[in-house]
Amino acid sequence: MNKQPGTSGLIFNEPLLWDKSREGRCAVSLPKPDVERADLEKDLIGDAPELPQLSELDVVRHYTRLSQWNFGVDSGMYPLGSCTMKYNPKTNEVQAARQGFAGAHPFAGEEFSQGALKLMYNLEQYLAKLTGFDAVTLQPAAGAHGELAGMLMIHAYHAKMGKQRSKIIIPDTAHGTNPASASLCGYDSINIKSGDNGILEPLAVAAVMDEETAGIMVTNPNTLGLFESNIKEIADIVHSKGGLVYGDGANMNAIMGIVKPGEIGVDVLHFNLHKTFSTPHGGGGPGSGPVAVGKTLEPFLPVPRIVKELDSYKLVTDFSDTMGRLHTFYGHFGVMIRAYAYILSMGGKGLTDASKLAVLNANYVKESLKGTLNLPYDYPCMHECVFNDEFQKEYHITTMDMAKRLLDYGFHPPTVYFPLVVDSAFMVEPTETESKEDIDQFISAVKAIAKEAQENPEKLKKAPHKTKVTRLDEVAAARKPCLRG
Amino acid sequence: MRYLPHTKEDIESMLKVAGQSCLDDLFNCIPDDLKTKDSLDIPESLSEWELNAHMEELASLNIACKDYKCFIGAGSYDHYIPAIIPYLISRSEFMTAYTPYQPEVSQGTLQGIYEFQTMITELLGMDIATASHYDCGTALAEAALIALRKNKNANKIAVSSLTHPSHRQIIDTYISPAGYEIVEIPYTKEGLTDVGALGAMDDIAGIAVQSPNFFGNIEDLSSFKTVAEAKKILFIASFTEALAFGLLKNSGSFGADLVAGEGQSLGIAKSFGGPGLGLLAGTQKLMRSLPGRLIGKTKDANGDDGFVLTLATREQHIRREKASSNICSNNGLNAMTAAVYLATVGKIGIREIAQQNHDKAVYLKTSLEKAGFESVFETPFFNEFVMKAPVSFEQKRTALINDKCIFAGMRLDKFYPGLKNHYLFCATEKISKGDIDQLAKEVQE
Amino acid sequence: MKEISDLNLPDDVKYTESHEWAKIFDGIVTIGLNDYAQDQLGEIVFVELPEKGDTFSKGDEFGSVESVKAVSEIYIPISGEIVEINEDLEDAPELVNESCYENGWLVKIQPDDVSQLDDLFDKTAYFDTLKG
């Protein structure tokens with residue numbers, strides 16, 4: 001495979017829906033009315049909303065063409081650091097579409113929803129066993145929502161202990177949702193710097209940990225792809241002053257079957273089912289952010305909770321210390337089905353293998369590219385590695401330029417400009433589902449781009465060239481926002 | 001394992017490059033005492049065929065596996081989903097793509113969501129709609145926080161007692177850590193929120209009313225807008241049945257500052273309550289206060305039209321602890337689904353479908369009355385209404401589920417303890433005259 | 001981004017640590033962002049300003065300035081009451097980039113205590129803080 005995947009081909013322009021609209025067209029098969037038309041008070045009736053009027057082929061062609069402008073995991077390698085863009089198994093779609101699941105009404109009653117409740121209960125058990133915790137809630141609808149749940153439980157815990165605290169320790173490598181979630185609970189973020197080796201140092205934590213601090217939020221491995229090896233000591237420091245440790249589980253893909261956060265001092269951990277557990281990203285969602293807790297925080301879990309009694313499953317809301325409710329019903333059941341099917345398909349050994357191969361792939365990329373791109377933290381990495389554009393500075397080429405040029409080669413760029421601790425970061429997470437050949441192509445693409453940076457920097461500055469649109473004017477979009485047509 | 005492509009040879013040559021002798025050595029950077037000693041107590045992997053059997057068995061434990069007649073709403077609605085919708089949104093370029101942070105290769109998602117934003121503003125009669133939220137409850141909680149933050153003098157928000165019970169709980173969960181409180185607005189004997197009760201409420205930062213409300217009744221939102229304007233506070237309208245606005249005057253026409261809603265009715269399967277689709281819309285004035293993703297139109301370097309995520313400086317990845325919300329993802333694929341649905345039904349279809357929902361619900365109500373049920377409210381409603389049933393009905397209701405696969409309404413007393421023997425009924429375009437006649441016959445006293 | 005030696009730092013204004021400038025005329029103090037600030041921020045897309053009549057104490061956050069990828073708070077160099085805000089910035093936030101000392105001014109304030117201006121840096125002292 002010598003040719004890079006990216007090539008040009010015929011794609012189609014497609015106007016906005018209302019530009020295609022023609023009075024009188026309709027794409028839906030209307031059911032025949034079989035009861036009398038019923039009147040409603042005239043002043044309650046509004047005009048029909050000005051939605052487009054299209055034929056069925058108009059709609060099908062519209063969205064088919066739009067889809068062809070998109071890049072998905074099924075299109076090519078998508079090494080977005082921190083996002084775990086692994087393959088989304090198609091059998092999971094079959095499972096989620098089963099009538100018994102897709103057609104289930106949330107208020108049908110427990111008796112008539114045992115399949116759903118059993119699935120959710122089992123999923124809770126698997127997630128708890130995977131990570132060494134005692135109980136799980138599946139209610140949060142996304143990772144950030146899970147973080148909020150974790151913060152709210154910590155908040156409820158301290159309220160119950162009789163003294164509410166005002167601060168949370170946040171490392172400089174944290175994802176933005178961490179301090180934002182803490183703020184929503186009324187906590188002040190105390191930001192601490194990681195050490196020169198890219199991980200947190202116990203002394204730095206001890207320096208700020210006090211009895212006003214509710215706890216710490218730690219991502220492990222962190223967003224530099226490095227394992228926080230001081231985690232146990234850090235947890236002890238936080239616990240010794242009555243605080244709790246929140247684990248951001250976004251990077252769980254590196255440690256399944258290898259480390260169980262519940263065993264090493266973490267009190268509460270959230271999962272991203274749409275990352276580690278293969279559920280599709282959907283262009284921005286829906287995701288699912290379950291949260292696992294130890295005995296300390298179990299009483300504060302959101303309600304309703306699923307309780308098993310003999311052979312049947314019940315939804316129970318009677319938990320007096322609950323932090324409350326976070327979702328109208330029970331969370332994103334449709335996403336849970338897919339994650340559950342994935343766990344069953346992989347099995348315990350399969351999940352462990354996935355982590356091992358994810359880490360292998362990332363280290364392979366790191367070693368292969370470290371001469372080409374600057375590697376600020378030259379240590380063994382976990383499932384992702386972070387470079388930057390230091391070597392390309394002399395040609396005035398930035399991380400952004402290289403990312404845009406990667407598009408022409410047929411790869412989705414890695415995560416750029418995050419984490420903030422690395423200037424102009426270029427974070428690569430291949431995931432375990434990428435083959436050696438695809439990774440080798442990616443590596444040679446990056447090397448080719450680094451060469452172009454030297455020999456033909458204009459090509460990068462004006463990249464991408466092969467995509468439907470090239471770089472967009474984000475300044476204009478923000479100055480004069482045009483958010484509707 | 002079919003998702004793991006590595007051959008033995010691949011692993012060997014990659015380990016060489018990585019400088020390790022075996023896979024386990026890749027984890028030498030983790031101290032031994034931090035590694036787990038126990039194996040994973042997770043079952044052995046299932047083949048695709050075993051998985052199918054297992055999942056089929058689980059699904060069969062849900063009554064929904066059979067074709068059942070659904071006369072329940074309460075925030076999750078049983079509507080027809082045209083075949084082209086699952087067909088189009090399952091295209092993997094939509095499904096397996098990430099958030100459109102690289103707009104050059106995400107114009108499909110970006111134009112699709114821009115069109116979604118536009119159609120939602122049309123549906124709701126508002127200036128701006130976000131790229132969606134998790135569900136109505138969380139969107140409503142975010143709206144409540146906007147109102148509370150804007151008004152430095154008050155720390156309470158007035159919420160109708162006829163707002164979906166789960167939504168009231170979610171608002172409470174979101175606002176109480178910051179020291180804010182809900183004040184519930186009671187309801188009248190007409191089954192409507194009591195606007196008069198607002199007169200006595202002094203220190204409120206906003207008013208939130210759901211219409212159609214949890215009982216299905218249509219509120220007079222203009223009276224609440226008047227009170228909000230007089231108090232110089234924000235007026236928030238919410239809804240759980242998006243199709244209502246195919247027929248009814250939308251919330252924007254009553255001057256709502258913010259509208260939070262549930263979009264599950266727009267082509268999304270009920271799926272045991274999630275994922276649904278949270279909708280949030282606001283006035284131009286509130287644009288920069290809105291949480292969540294927003295997609296805007298712009299031009300590229302060649303002058304061609306294109307779309308990008310914009311106004312990101314409101315969001316957590318830039319504002320971090322100063323962000324007004326922690327929201328990161330939206331319900332992207334469900335927003336696309338709603339867009340495809342709205343494009344499919346169009347102006348003509350949505351009107352007809354909404355009208356039929358209304359017609360069926362009215363016929364259902366009349367039929368139940370004839371069968372011995374008591375009408376509770378003489379108030380206009382949309383596709384849901386409350387009836388008082390004879391005491392014998394509860395038993396009949398369970399029998400109807402087991403024997404005839406009919407879900408005849410939902411008990412209200414678990415949410416409103418004073419309403420014994422009261423049930424919430426719903427009829428959508430999926431319910432036929434024959435279904436209603438059959439139900440009436442079965443419950444006839 | 002500009003080299004420090006290329007920055008435009010007029011002699012007739014006072015500077016703050018957080019890169020605002022202040023200039024008094026007829027008892028009213030005009031405040032803006034200096035050349036270093038606008039250069040660091042990049043293309044400005046939005047300026048959030050207080051309202052006429054709002055009062056602040058020295059050092060208070062009185063607004064923010066946004067580029068596409070960043071937000072910066074702005075801090076008031078002296079205590080007082082806002083008497084005028086630059087309404088042109090609503091439609092043309094880029095004025096802060098193009099003319100930060102003239103058309104891109106932010107607010108005018110009626111100072112509580114004019115002597116607070118003496119605590120601010122003059123051009124040389126401010127320049128030293130940048131070099132250090």
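Is B:Asn421 counted as buried, partly exposed or exposed, and how many C-beta neighbours does B:Asn421 have inside 10 Å? The tour returns to this residue at its last stop. Please keep in mind throughout that the model is predicted.

**First stop: the contact between the chains**

Display chain A and chain B together. The contact between them draws on 170 residues of chain A and 164 residues of chain B. Next, select residues 333-369 of chain A, which form helix H10. This helix makes the greatest contribution to the side of chain A that touches chain B, supplying 23 residues. If the viewer can colour by residue class, apply that colouring to this side of chain A: 88 of its residues are nonpolar, 55 are polar and 27 are charged.

**Second stop: a sheet in chain A**

Select strands E10, E12 and E11 of chain A, which follow one another in that order in an open sheet of 3 strands with antiparallel pairing. Strand E10 (385-387) and strand E11 of chain A are the edge strands, and each of them pairs on one side only. In general, the strands of a sheet are paired through backbone hydrogen bonds, in either a parallel or an antiparallel manner. Show A:Val416 and look across to E12(A), where A:Phe426 stands opposite.

Move to A:Pro419, found in the loop that links strand E11 (415-416) with strand E12 (426-428) of chain A. The peptide bond leading from A:Phe418 to A:Pro419 is cis, and its omega is near 5°. Then select A:Pro286, in the loop between strand E6 (268-270) and strand E7 (291-293) of chain A. Here the peptide bond from A:Gly285 to A:Pro286 is also cis, with omega near -5°.

Select A:Leu310, situated in the loop between strand E8 (305-309) and strand E9 (312-316) of chain A. Its phi is near 55°, a positive value in a residue other than glycine. A:Leu310 has 5 other C-beta atoms within 10 Å, and therefore counts as exposed, since the limit for that class is 12 or fewer.

Finally, turn to chain B and select B:Asn421, in the loop between strand E14 (410-411) and strand E15 (422-426). The phi of B:Asn421 is near 60°, again a positive value in a residue other than glycine. The opening question can now be answered: B:Asn421 has 17 C-beta neighbours inside 10 Å and so counts as partly exposed.

Technical notes. Residues are numbered from 1 along each chain as its sequence is written. Chains are lettered from A and ligands numbered from 1 in the order in which they are written. This is a predicted model: local features need pLDDT of at least 70, side-chain atom pairs count only at pLDDT 80 or more; totals for chains, interfaces and linings use all residues. Two residues are in contact if their C-beta atoms, placed from the backbone, lie within 7 Å. Helices (H or I, at least four residues) and strands (E, at least two) are DSSP runs, numbered from the N terminus. Ala, Val, Leu, Ile, Met, Phe, Trp, Tyr, Cys and Pro count as nonpolar, Asp, Glu, Lys and Arg as charged, and the others, Gly among them, as polar. A residue is buried if 20 or more other C-beta atoms lie within 10 Å of its own, exposed if 12 or fewer, and partly exposed in between; C-beta atoms are placed from the backbone. Two strands pair if DSSP finds at least two bridges between them.
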